[in-house]
Every structure is written in C-alpha cells, then in structure tokens.
Amino acid sequence: MMQKIVIKMQPKCGRCRTKAMMIAAKASGSCVSSVELQGENKNQMVVIGDGIDAAALTSSVRKKIKNASLEMVQQM
C-alpha cells in the first residue's frame, strides 16, 4: 500500500539536504516513487512509496542530519 511520510529536519547546508534525499531514495526493502522537499525553508522531506519503514528511514536520516523527526505517516 502506498504511503506518504513527512520527516521534519533542520539541515545545516544544501549538501545535507541532498544527503537526506539520497538516503530516502535508497531506502532498503521498499519502492520509493517520490522524494521532495517542502516548507518555506525546505525543512520537510516528503517521501511517497510502497513498503517504507518510516521509523527506520527517520533513524537513517537522523544519523546524517542529526535533527530529524517523523511528522506524519499517511496511507494513500
């Protein structure tokens, strides 16, 4: 089932945003169809896909970005 995951993060630079998006795009065991940044400061990452483990994805992003929290998981 497709799901939409929103992760709020506070990257320090554009390169950190790119790293976070690459982590989301390569999420293991899932089929990610879309990764985009939203919000006025590009501080929300929206991941749409099938079979994504939201907690594991947030943990992986937190290892690189330090400040990342899971905001929303919605079934589509």
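1. Ser60 belongs to helix H2 and, at 33% relative accessibility, counts as partly exposed (buried is under 20% relative accessible area, exposed over 50%, and partly exposed in between, with a 1.4 Å probe and protein chains only). Helices here are DSSP runs of H or I with at least four residues, strands are runs of E with at least two, and both are numbered from the N terminus. Ser60 and Ala24 are 36 residues apart in sequence, and their C-alpha atoms are 8.5 Å apart in space.

2. On provenance, this is a predicted model, in which local features need pLDDT of at least 70 and side-chain atom pairs count only at pLDDT 80 or more, whereas totals for chains, interfaces and linings use all residues. Residues are numbered from 1 along each chain as its sequence is written, and side-chain values use heavy atoms, with hydrogens and water left out.

3. The helix pair deserves attention next. Helix H1 (residues 14-25) packs with helix H2 (residues 54-65) at an angle of about 155°, and the axes are 10 Å apart. Axes are lines fitted to C-alpha atoms, for helices over the stretch in contact, and angles run from 0 to 180 degrees between N-to-C directions. H1 and H2 are therefore roughly antiparallel to each other (under 35 degrees counts as roughly parallel, over 145 as roughly antiparallel, 65 to 115 as roughly perpendicular, and the rest as oblique). The crossing of H1 past H2 is right-handed, a term used if the near helix is turned clockwise from the far one by less than a right angle.

4. Which residues of H1 and H2 meet? From H1 come Cys16, Ala20, Ile23 and Ala24, and from H2 come Leu57, Ser60, Val61, Lys64 and Ile65; contact means heavy atoms within 4.5 Å. By class, the residues of this contact comprise 7 nonpolar, 1 polar and 1 charged. In this scheme Ala, Val, Leu, Ile, Met, Phe, Trp, Tyr, Cys and Pro count as nonpolar, Asp, Glu, Lys and Arg as charged, and the others, Gly among them, as polar.

5. Ala25 also lies in H1. At 48% relative accessibility, Ala25 is partly exposed. Apart from neighbours within four places in sequence, Ala25 is in contact with Val32 and Val35.

6. A polar atom of the Thr58 side chain lies 2.8 Å from the backbone oxygen of Ala54. For a polar contact, a pair of N or O atoms must be within 3.5 Å; within protein, one must be able to donate a hydrogen and the other to accept it, and residues adjacent in sequence count only if both atoms are side-chain atoms.

7. Thr58 is in contact with Ile7, Ala68, Ser69 and Leu70. Ala54 is in contact with Ile5, Leu70 and Val73. Ala54 and Ile5 are 49 residues apart in sequence, yet 6.8 Å apart in space, C-alpha to C-alpha.

8. Is Gln3 buried or exposed? Gln3, in strand S1 (residues 2-9), is buried, with a relative accessible area of 9%. The Gln3 side chain reaches the backbone oxygen of Ile52 at 2.5 Å. Not counting residues up to four places away in sequence, Gln3 touches Val47, Ile48, Gly49, Gly51, Ile52, Val73, Gln74, Gln75 and Met76.

9. Gln75 is found in strand S4 and counts as partly exposed at 47% relative accessibility. With residues up to four places away in sequence not counted, Gln75 touches Met1, Met2 and Gln3. Between Gln75 and Ile48, the separation is 27 residues in sequence and 9.7 Å in space, C-alpha to C-alpha.

10. Lys42, which is not a glycine, has a positive phi of about 55°; Lys42 sits in the loop between strand S2 (31-38) and strand S3 (44-50) and is partly exposed, at 43% relative accessibility. Lys66 likewise has a positive phi, near 75°, in a residue other than glycine. Lys66 lies in the loop between H2 and strand S4 (68-75) and counts as exposed, at 58% relative accessibility.
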